[in-house]
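Okay, everyone, I've got one structure to walk through today. Have a look at the sequence and the model while I put them up.

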Amino acid sequence: MNSFFKQGLLWGLLAVSGPVMAQDSTDNQEDRFPTWSYGSQKLQKGPCDVYLFKSNQHAETVVDNILKSAGMGFGKRNFQVVECPNTDNCYATIINGTRYVVYDNAFLKLVENRTQTDWSAVSIMAHEIGHHILGHTSDGTGSRPDKELQADYFSGFVLHNLGGSLENAQIAIKLLQNDEGDYTHPPKRDRLSAIEKGWREADNFYPRIASKEPASSPTPSTPVAKLPSVPPVTKVETKAPEITQTGCLAGNCDNGTGLYVNRKTLEKYEGDWKESRPNGFGTQYYSTGKKKYEGNFLNGRFDGKGTLWYTNGAMYAGDFSAGQCHGKGVLRYANGDRYLGDFKNGYRHGKGKYIYASGYEEVLYYLNDKRQPEK
């Protein structure tokens with residue numbers, strides 16, 4: 001008898017309960033567990049014929065990156081990935097001796113929307129791949145708490161190596177898993193602990209240069225805060241440089257080229273001036289001396305082409321208008337993720353491409369920084 005491990009709501013996002021469903025008497029029968037969806041709605045849908053559906057390139061890329069991050073990117077996979085519409089699930093199984101990861105793309109999109117990030121779908125896929133890699137689908141015993149914790153650990157380890165934060169790795173369980181466990185799935189606290197253990201052990205092996213646990217970058221389905229507008233750089237009237245070395249320290253800070261230090265913020269501007277405001281090309285520095293912006297100015301504001309460095313490690317390069325990101329640009333996050341596309345008044349707006357540090361790419365559409373359905 002082949003074993004069919006259909007995890008309750010994507011490997012246990014909501015606990016599985018109830019007895020094993022009745023089996024038929026054919027040679028190709030499968031042990032099948034009831035599936036649970038949002039709001040504990042029991043579904044009685046069976047698996048599709050996996051031989052009739054192929055995986056899309058999106059899923060294939062995700063799977064390839066997961067395997068590479070686990071040091072298993074070389075050679076042929078020992079399992080197949082197939083899309084199975086209308087199953088409302090994602091699960092690992094063996095059918096007729098062949099290993100499969102079966103997923104419903106619409107269901108994963110629903111999970112992404114629920115969690116407001118597509119890291120949740122990646123963690124789900126990593127969890128199911130972990131079941132195959134760890135041999136859970138070959139012993140014929142189905143889901144058990146110890147197996148789920150091992151797959152959770154694997155998922156946490158993988159998401160770290162893909163560039164995700166600990167929060168990214170835990171968000172699916174944190175938002176969608178019930179607190180209680182049962183005979184097949186452990187309680188939420190244990191699962192979160194297993195994911196954290198995997199993430200942190202990966203961090204010990206492959207520490208990140210920037211920080212031990214970088215802040216989560218805004219992923220495509222997570223609304224990001226409006227990119228901060230920059231106040232105009234206005235000249236502070238001083239008769240002469242003071243001991244604090246503020247004011248116009250060199251050149252012509254009225255109409256020409258000059259070096260000026262703001263007396264209040266201690267930020268420095270060096271570049272072109274017109275009517276006592278930065279106009280033309282120039283460079284602005286934080287009070288720490290680190291570069292803040294380099295590019296074109298108009299009436300003291302970033303305007304035209306330029307590059308802006310944020311204090312949190314992010315960087316934007318592209319078009320500016322009235323001190324805000326506006327037009328075409330590239331926003332690079334501290335963890336290496338990049339967003340290339342249209343901006344409007346400091347928000348992602350229009351079509352863009354999100355490229356993860358792992359190399360995975362996705363085309364997205366935004367309206368005032370809110371993700372829109374695919375066109």
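Glutamate 196 comes out partly exposed, with a relative accessible area of 29%. This is a predicted model, by the way. Glutamate 196 has a salt-bridge partner in arginine 200, with an N to O distance of 2.9 Å. Arginine 200 is partly exposed too, at a relative accessible area of 35%. Both of them sit in helix H7, residues 188–205, and they're four residues apart, which is about one turn of the helix.

How many salt bridges does a search of the whole structure find? It finds 16. Here's another: aspartate 64 with arginine 77, 2.7 Å from N to O. Aspartate 64 is in helix H2 and arginine 77 is in the loop between H2 and E5, so this pair ties together parts that are 13 residues apart in sequence. As for accessibility, aspartate 64 is at 32%, so call it partly exposed, and arginine 77 is at 23%, so partly exposed as well.

One more, then: arginine 371 and glutamate 362 meet through their side chains at 3.1 Å, N to O. So, buried or exposed, where does glutamate 362 fall? It has 6% relative accessibility, so it counts as buried. The cut-off for buried is under 20%, and arginine 371 is at 22%, so that one counts as partly exposed. These two also belong to a network of salt bridges that links Lys109, Glu112, Glu362 and Arg371.

Back to H2 for a minute, since aspartate 64 lies in that helix. H2 covers residues 57–69, so 13 residues, and from first C-alpha to last it reaches 18 Å, close to the 18 Å you'd expect at 1.5 Å a residue. Which residues of H2 are buried? They are Ala59, Glu60, Val62, Val63, Asn65, Ile66, Leu67 and Ser69.

Twelve strands make an open sheet, and the order is E8-E9-E10-E11-E12-E13-E14-E15-E16-E17-E18-E19, with antiparallel pairing. The edge strands, each pairing on one side only, are E8 (247–251) and E19 (370–371). E8 runs antiparallel to E9, residues 256–261, and four bridges join the two.

A search of the whole structure turns up one, formed by cysteine 248 and cysteine 253, with their sulfur atoms 2.1 Å apart. The torsion about that S-S bond is about 80°, so the disulfide is right-handed. Cysteine 248 has 23% relative accessibility and counts as partly exposed, while cysteine 253 is buried, with a relative accessible area of 2%. If you're wondering about other cysteines, cysteine 90 is buried at 0%, and cysteine 325 is buried at 2%.

Last topic: rings. The structure holds 17 aromatic pairs. Take tyrosine 269 and phenylalanine 297: the ring centres are 4.9 Å apart and the planes sit at 75°, so that's an edge-to-face pair. This pair links distant parts of the chain, with tyrosine 269 in strand E10 (residues 268–274) and phenylalanine 297 in strand E12 (residues 291–298), 28 residues apart. Tyrosine 269 is buried at 1% relative accessibility, and phenylalanine 297 is buried at 4%.

Tyrosine 316 and phenylalanine 343 give another edge-to-face pair, 5.0 Å centre to centre with 80° between the planes. This pair also links distant parts of the chain, 27 residues apart: tyrosine 316 is in strand E14 (residues 315–321) and phenylalanine 343 in strand E16 (residues 338–344). Tyrosine 316 counts as buried at 0%, and phenylalanine 343 counts as buried at 4%.

Notes:
Residues are numbered from 1 along each chain as its sequence is written. This is a predicted model: local features need pLDDT of at least 70, side-chain atom pairs count only at pLDDT 80 or more; totals for chains, interfaces and linings use all residues. Side-chain values use heavy atoms; hydrogens and water are left out. The expected span of a helix is 1.5 Å times one less than its number of residues. Buried means under 20% relative accessible area, exposed over 50%, partly exposed in between (1.4 Å probe, protein chains only). A disulfide is a pair of cysteine sulfur atoms within 2.5 Å. Two strands pair if DSSP finds at least two bridges between them. A salt bridge is a side-chain nitrogen of Lys or Arg within 4 Å of a carboxyl oxygen of Asp or Glu. Rings of Phe, Tyr and Trp (its six-membered ring) pair if their centres lie within 6.5 Å; planes under 30 degrees apart count as stacked, over 60 as edge-to-face and the rest as tilted.
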